[in-house]
Amino acid sequence: MASVNSLSATIQQRVADALGADPLLRRSDRADFQANGVLGLAKRNKANPRELAAEVVAALPADDGLIAGIEVSGPGFLNIAVADSAITRTLAARAADDRLGVPAKADPGITVIDYAQPNVAKEMHVGHLRSSVIGDALVKILEFEGETVIRRHHIGDWGTQFGMLIQYLVEHPHELDHDSTGDEEAGEASMSRLNRLYKASRTVFDADDDFKTRSRKRVVDLQAGEPETLAMWQRFVDESKIYFNSVYDKLDIAIRDEDVVGESGYNDMLVETCTLLEKSGVAVRSNGALCVFFDDIKGKDGEPVPLIVQKADGGFGYAATDLSAVRNRTAGLRANTLLYVVDSRQSLHFKMVFETARRAGWLTEDVKALHIPFGTLLGKDGKPYKTRSGETFRLVDLLDEAVERAGAVIEDKSGGVLSPEEITDRAKEVGIGAIKYADLSTSLGRDYVFDLDRMVSLNGDTSVYLQYAYARIQSILRKSGDAEPVAHPELPLAPAERALGLLLDEFAETLASVSETYEPHKLASYLYALASAFTTFYDQCPVVKPEPAPDVKENRLLLCDLTARTLHRGMALLGIRTPERL
């Protein structure tokens with residue numbers, strides 16, 4: 001089905017045709033919409049704005065079934081009321097479409113999004129949460145909008161620390177052997193083996209100079225691609241993936257093996273990347289290191305701060321890997337948009353990498369590269385979120401605690417209606433959803449306080465509030481008997497019905513804005529506003545008890561059904577489940 005024009009877009013065009021300029025239409029608390037464009041046009045033409053506004057009103061088509069009323073306010077504002085019948089007809093068109101009237105992009109491109117980047121042989125902590133959750137939501141939203149999205153998980157799978165780990169495994173070959181652990185515990189068991197091996201190897205490395213020498217030689221063998229060393233390295237990668245997958249399964253995020261391209265995936269390009277930069281003059285040697293300098297980037301002492309592509313000892317830094325990844329993603333994957341969902345503290349690094357890539361010609365005018373920054377999770381004390389002992393919080397512990405808290409809330413709320421098995425299932429959906437929503441409802445770059453009690457609350461701006469709104473609608477639909485959602489444009493709408501209908505009509509425009517600015521908090525804010533509007537509608541407009549007239553009931557069921565479908569679709573795009581019963 002073709003996309004559905006929103007009421008605001010239709011009114012915008014009508015007023016623009018009458019005005020001959022952009023009417024600057026927006027939602028207003030004084031009317032359904034307000035157009036402010038008259039003032040600017042009057043000023044440019046040295047005309048009286050109220051007289052010009054009156055001319056616009058006179059030029060608008062009369063009795064077209066779209067605009068119920070329009071009045072001139074103040075110095076020339078146009079306050080516009082939409083006809084009830086127009087609202088109902090538009091909602092009916094959205095309800096008839098599986099995509100709820102959301103158009104697919106007319107000119108989709110290829111976007112590579114870099115997110116969810118844990119480190120091999122290291123435990124995932126709270127710092128890995130935000131990139132994973134934000135990146136997953138952006139992938140879902142962009143794909144729904146019609147974009148071709150290529151996921152990339154740039155895991156930390158290379159570095160000198162592997163010399164120590166591999167050498168210890170060579171000398172203790174059974175340290176990564178598996179036992180008969182079940183699937184649910186496989187991830188924890190893998191991390192336990194890796195932790196045990198790391199601690200043991202570090203102890204020997206710090207105490208035994210001969211082992212230290214052998215470990216350093218093993219780094220050289222790894223970088224040279226020596227077969228036995230590479231095979232041992234691969235065991236660490238595979239073991240870590242078992243652990244990664246267990247954590248992401250718990251977080252309800254799908255990570256496909258083909259999308260995992262870590263630092264090692266660009267090893268074969270590093271020398272060429274450096275050669276190209278040096279030959280083109282983009283990078284120069286400074287104290288033996290290959291560096292790129294920037295006029296506007298200086299340290300506290302006023303000296304230039306370079307991007308170091310290759311160290312003086314010949315080793316490659318993160319910059320060489322990231323620049324090689326840019327080359328691969330633009331020339332190889334043919335992407336025209338590169339997104340990096342990474343901690344805001346890396347802003348300067350990406351600024352230098354992107355500028356270097358532009359100077360080298362790897363980022364052209366046809367390709368945009370953006371750092372999607374995120375802030376830090378804070379405790380209630382305003383400091384980075386840690387355990388009581390001051391250690392970094394393990395991500396799995398955080399997720400388990402959220403599920404446990406959610407289970408207690410659901411059990412208390414259900415009043416014995418849900419079985420223990422249902423409570424367990426709902427606790428996972430609600431607990432994980434609560435963590436995701438708290439993250440996604442925070443604007444990009446901002447820190448936020450991690451407060452589980454607030455996150456699993458039934459009140460306020462939480463995912464639980466949205467999930468309960470959805471479950472409440474499902475209950476209404478189950479109790480509605482033989483009545484079906486049917487549009488009745490001839491019926492007048494109550495204020496709460498109008499407010500809900502106008503919000504439902506904003507879904508497509510909200511998604512378009514999110515996909516343009518890469519800010520998922522806009523979708524979270526919209527869904528909360530929608531759930532709040534439904535709560536008001538539910539309180540003021542009976543659907544089942546007391547039972548209204550049949551045509552009113554059908555019209556209200558249309559509003560209920562479309563609200564539920566919009567909440568379901570929107571929450572799914574944020575990676576959050578919507579249980580049918582809570």
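Biologist: How many bridges pair S7 with strand S8 (residues 289–292)?
Modeller: S7 and S8 pair in the antiparallel sense. Strands are DSSP runs of E, at least two residues long, and helices are runs of H or I, at least four long, all numbered from the N terminus. Two strands pair if DSSP finds at least two bridges between them. For S7 and S8 the number of bridges is three.

Biologist: What kind of model is this, and how are residues numbered?
Modeller: Numbering runs from 1 along each chain as its sequence is written, and side-chain values use heavy atoms, with hydrogens and water left out. Local features need pLDDT of at least 70, side-chain atom pairs count only at pLDDT 80 or more, totals for chains, interfaces and linings use all residues, and the model is predicted.

Biologist: Why is one side of S7 and of S9 left without a neighbour, and what is the average twist of their sheet?
Modeller: This open sheet has three strands in the order S7-S8-S9, paired antiparallel. Strand S7 (284–286) and strand S9 (307–310) are at the edges with a single partner strand each, so one side of each has no neighbour in the sheet. From one strand to the next, the twist averages 50 degrees.

Biologist: At what angle to S9 does helix H10 (residues 270–280) run?
Modeller: H10 lies across S7, S8 and S9. Axes are lines fitted to C-alpha atoms, for helices over the stretch in contact (heavy atoms within 4.5 Å). Angles run from 0 to 180 degrees between N-to-C directions. H10 runs to S9 at about 120 degrees.

Biologist: What is the average twist of the sheet of four strands?
Modeller: That open sheet has the order S6-S5-S10-S11, with parallel pairing. Strand S6 (148–152) and S11 are its edge strands, each pairing on one side only. The twist from one strand to the next averages 20 degrees.

Biologist: Which residue in S6 is the bridge partner of threonine 111?
Modeller: Five bridges link strand S5 (residues 110–114) to S6 in the parallel sense. The partner of threonine 111 in S6 is valine 149.

Biologist: Which hand does the crossover from S10 to S11 have, right or left?
Modeller: Strand S10 (residues 337–343) and strand S11 (residues 368–374) run parallel, joined by seven bridges. The chain crosses between them through helix H12 (residues 347–360), a β-α-β crossover. With the strands pointing away from the viewer, a clockwise path from the first strand over the helix to the second is called right-handed. This crossover is right-handed.

Biologist: Which helix gives the largest share of the lining of the second largest pocket?
Modeller: A pocket is an open set of points on a 1 Å grid over the protein atoms alone, where a 1.4 Å probe fits, with protein on both sides within 12 Å along at least five of seven lines. Lining residues have an atom within 4 Å of a point. This pocket has 25 of them, and those nearest its centre include Tyr468 and Arg472. Eight lining residues, the largest share, come from H16.

Biologist: Which residue forms a cis peptide bond with lysine 545?
Modeller: Most residues other than glycine have a negative phi, and most peptide bonds are trans. Here the bond is cis, with omega about -15 degrees.

Biologist: What is the phi of leucine 24?
Modeller: Leucine 24 is in the loop between helix H1 (7–19) and strand S1 (25–27). Its phi is positive, in a residue other than glycine, and lies near 55 degrees.
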